[in-house]
Amino acid sequence: MEKGLFNIADENIHTLVAKGSKGGAVNNITICNAHASIDATVRLFLDDGTNQTSFVENLTIPAGVTLALDDIKFNNAKLGLKIQMDAVGSTTVDTNVILK
């Protein structure tokens, strides 16, 4: 998949930007719950390898809705950006994430 584009179909933790990567700045994040009928809960967080700090925690995105986060800034030399999705009442998520 193209850099900055992610399709998440499980409830595992996924690394969007690895700590120490040289991929450039992330300014905007869109998270689309592409499932037709199941709500999804999102946890978007920074991880330094020891501690985790959330941008959002347990935020429910209704089916078919997109969450847009603007002006996201962090030092990816020291922090990784990670996401975990949870399907409300199901084990299947269908989420699209775009980093710009």
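What follows is a working chat about a predicted model of one chain.

Colleague: What secondary structure does the chain have?

Modeller: The model is predicted, and its chain comes to 8 strands and 0 helices. Along the sequence the pattern reads β-β-β-β-β-β-β-β.

Colleague: How does the radius of gyration sit against a compact globule?

Modeller: A compact globule with 100 residues would have a radius of gyration near 13 Å, and the chain has 13 Å, so the two agree. Along the principal axes, the C-alpha atoms fill a box of roughly 40 × 25 × 25 Å.

Colleague: What share of the contacts comes from residues 24 or more positions apart?

Modeller: Those pairs account for 78% of the contacts with a separation of 6 or more.

Colleague: How many charged side chains, positive and negative?

Modeller: There are 8 positive and 11 negative side chains. The centres of the two sets lie 13 Å apart.

Colleague: Pick one of the charged ones. Arg43, buried or exposed?

Modeller: Arg43 is buried, because its relative accessible area is 17% and the cut-off for buried is under 20%. Arg43 is found in strand S4, which covers residues 40–47.

Colleague: Which side chain does Arg43 make a polar contact with?

Modeller: Glu57. The polar contact between the side chains of Arg43 and Glu57 is 3.3 Å.

Colleague: What else does Arg43 touch, leaving out residues up to four places away in sequence?

Modeller: Besides Glu57, Arg43 touches Ile13, Gln52, Ser54, Val56, Lys82, Ile83 and Gln84.

Colleague: Switching to Asn76. Where is Asn76 found?

Modeller: Asn76 is in the loop between strand S6 (66–70) and strand S7 (80–87).

Colleague: Which backbone oxygen lies 2.9 Å from a polar atom of the Asn76 side chain?

Modeller: The backbone oxygen of Ser21.

Colleague: Now Ala87. Which strand, and buried or exposed?

Modeller: Ala87 lies in strand S7. At 5% relative accessibility, Ala87 counts as buried.

Colleague: Which residues does Ala87 touch, not counting those up to four places away?

Modeller: Ala87 touches Glu11, Ile38, Asp39, Ala40, Thr92 and Val93.

Colleague: What separates the C-alpha atoms of Ala87 and Phe55?

Modeller: 19 Å, for two residues that are 32 residues apart along the chain.

Colleague: Backbone angles next. What is phi of Asn58?

Modeller: Phi of Asn58 is near 55 degrees, a positive value in a residue other than glycine. Asn58 has its place in strand S5, residues 52–61.

Colleague: Is Asn58 buried or exposed?

Modeller: Asn58 counts as exposed, because its relative accessibility is 57% and exposed means over 50%.

Colleague: And Asp71, what is its phi?

Modeller: Near 60 degrees, again a positive value in a residue other than glycine. Asp71 lies in the loop between S6 and S7.

Colleague: What is the relative accessible area of Asp71?

Modeller: Asp71 has 57% and is exposed.

Terms used. Residues numbered from 1 in each chain as written. Predicted model: local features only at pLDDT ≥ 70, side-chain atom pairs only at ≥ 80, totals over all residues. Heavy atoms only, no water. Helix = DSSP H or I, 4+ residues; strand = E, 2+ residues; numbered from the N terminus. Rg over C-alpha atoms; globule rule 2.2 N^0.38 Å. Contact = heavy atoms within 4.5 Å. Lys, Arg positive; Asp, Glu negative; His and termini not counted. Charge placed at Lys NZ, Arg CZ, Asp CG, Glu CD. Polar contact = N/O pair within 3.5 Å; in protein donor to acceptor, adjacent residues only side chain to side chain. Buried < 20%, exposed > 50% of the residue type's maximum accessible area, 1.4 Å probe, protein only.
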